[in-house]
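The structure is shown first, and the points follow by topic.

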Amino acid sequence: MAQETRTFQAEVSRLLDIVAHSLYSQKEIFLRELISNASDACDRLRYQAITKPELIADDPELAVTLTPDKTANTLTVADNGIGMSHDELIENLGTIAQSGTANFVKSLSGDSKKDMALIGQFGVGFYSAFMVAKRVEVVSKKAGESEAWRWSSDGKGEFTIEPAEQAVRGTTITLYLNDDEKDFLEDYRIQQVVKTYSDHIALPIRLVIGGKTNTINAASALWMRPKSEITPEQYKKFYQDAGHQYDEPWLTIHAKAEGTLEYTFLLFVPSTKPFDLFDVDRKSKVKLYVRRVYITDDAPGLIPPYLRFLKGVVDSEDLPLNISREMLQNNPMLARMKTQLTKRVVSELAKKAKDEPESYATFWEALGVVLKEGIYEDFENRELLLPLVRFRSTAVDRFTSLDDYVSRMKPGQDAIYFITGDKLDVLRKSPQLEGFRAKGVEVMLLTDPVDEFWLPSLGDYQKHEFRSVTRGAPELDKIETPEKKADEEKKDEPKTDISSLIALLKLTLGDAVRDVRVSERLTESAVCLVADKEDMDLHMERLLRQHNRVTGDTKRILEVNPKHKLIARLAVLAGKDGAADDLEDMAWLLFDQARLLEGEALPDPAAFATRMSAALEKGLG
Ligand code: ADP
């Protein structure tokens, strides 16, 4: 077969362009990425060789070999792992497989500095080679196949692929270094990078200098070493390398389970939110090993979905080595490990929440949204998860907890009140909160879509029902506060009778609303919308509509504030003859105003504008 020329997928070209022109200060990470790929390739071969020992028989000692050549200005990273076929080379080194990464690249701004900082957060794997090399050549022979292939590119839109000579299986990557990157040909520099980033790699990394070969890493699985011998720095490097992370681990849990099941685990909670956390095809990032042999990145059911931010490894002593994915699926040992690991992680989180509340708040800010899924997904651990929940509220400026909320409840208050919406600052200004604020009753402010699920699934907390302030009647008069007395005294004051206004509003708005009533929750605004007790809450419906999950419009209740000056004036007008005609426009304006306050789109903006102009004109009158 002759040479073929192919073009990179658009996203790859984009990525390569950014990578090649970056002034990224840590270019050395290209080596860690290539070594990590090489090590993965060896791991995968070792796993396949469990059922097909012939794949590995001729060359059983897996290793990564680094060869600098100062004459040719090349650095070669070679492995005798699984290798890649012709099609795999094209697929793996010409496209971006994970949709999450591809979408991420699509969203890059074009400002190379900003983009590189973002890319720095998730790593670019193989493509990082182009940070230091003007040309990259990959020769690979897949284990068990007879042909080898050469992939070659200068990273500028195209690559070529052609048959090659390579006697042994595995992949050899040759980097033709840029003139100012010759540093990476020096053995001290290579050793330093390997020590820094790849020391824990469980297979030997060899450096060939002047015909002599030295192993330059510790070459033992870090998680098997005693905790006392591992420095925080080593944990961090392991997390960054094995987890392809660029941040610091927020929490490190390293332990050995001994009992009916024996396994070691080294798990990390990241300190930043992984960019692909909500990708539907995102896989678990916890690697499963069996007696130091890598099995899979994606053991089904080892980690519950709501802990999918975890990184690290679990190494079992009991599972059979030749376990297949299908067998893993219903494996009772795996299920028990999941139960134990989950409990352990949750209890470590609880410890952090108690001992280091401020640090815990940063974790919650980044990842709490995922943890909340556990409340409706993991019934068994619900009681452990609930105290971990943090949220904003009208009472305090920081994150607070359900227990704290309950401790602040007012005498006579039986429910926990909440409001859901998209943005915190908008929520804080919601008219529906006014009455609660006036009475000093705290309201939880919730802005994650998942809040629409975990709260209803829970129903109550410590026997206090969760109640939305935008739905049903608030029953605020039951709550005793010092202000209540003052209120009662005020009751003797003559109040505007707004019953004819309400009747008139009902008549005019007709079917557009479910009801019009006097508001108990408004103190400042003239009007607001609320959902009927049995109906879907306002924000929930908006969310579902955005996702085309509901089409109809639930009719809402328009609440009117009798204490508001405008309403009082309208009430007087409503009592007069012929009021219906005069006030028709006003009725619609009030209703539209309430919809706008909710962030709803107006069904007839033109009519709104006409009425508004007419009203303004009258005002200038
Ligand atoms: P990632 O490692 O995150 O998947 P890369 O861009 O680094 O992304 O690599 C893409 C794919 O190319 C890998 O998933 C792997 O299948 C393949 N690959 C890269 N390097 C090697 C190698 N040395 N041996 C075998 N396959 C490799």
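How far from an oxygen atom of the ligand does a polar side-chain atom of Asn 37 lie? In this predicted model, the separation is 2.7 Å. The protein covers 79% of the 530 Å² of accessible area that the ligand has on its own.

**Ligand shell**

- The residues around the ligand are Asn 37, Ala 38, Ala 41, Arg 44, Asp 79, Met 84, Asn 92, Leu 93, Gly 125, Phe 126 and Thr 171.
- By class, this shell comprises five nonpolar, four polar and two charged residues.
- Helix H2, spanning residues 29–51, gives the most to the shell, with four residues.

- Asn 92 places a polar side-chain atom 3.3 Å from an oxygen atom of the ligand.
- For Thr 171, an N or O atom in the side chain is 3.3 Å from a nitrogen atom of the ligand.

**Strand pairing**

- Strand E2 (residues 64–69) and strand E8 (residues 205–209) run parallel and are joined by three bridges.
- Within this pairing, Thr 65 has Arg 206 in E8 as its bridge partner.
- Strand E8 also pairs with strand E9 (residues 212–215), in this case antiparallel and through four bridges.
- Ile 209 has Lys 212 in E9 as its bridge partner.
- The hairpin of E8 and E9 has two residues between the strands, and Gly 210 there takes a positive phi near 50 degrees.

Methods
Residues numbered from 1 in each chain as written. Predicted model: local features only at pLDDT ≥ 70, side-chain atom pairs only at ≥ 80, totals over all residues. Heavy atoms only, no water. Pairing = 2+ DSSP bridges. Near = heavy atom within 4 Å. Polar contact = N/O pair within 3.5 Å; in protein donor to acceptor, adjacent residues only side chain to side chain. Areas by Shrake-Rupley, 256 points an atom, 1.4 Å probe, with all protein chains shown as cover. Nonpolar A, V, L, I, M, F, W, Y, C, P; charged D, E, K, R; others polar.
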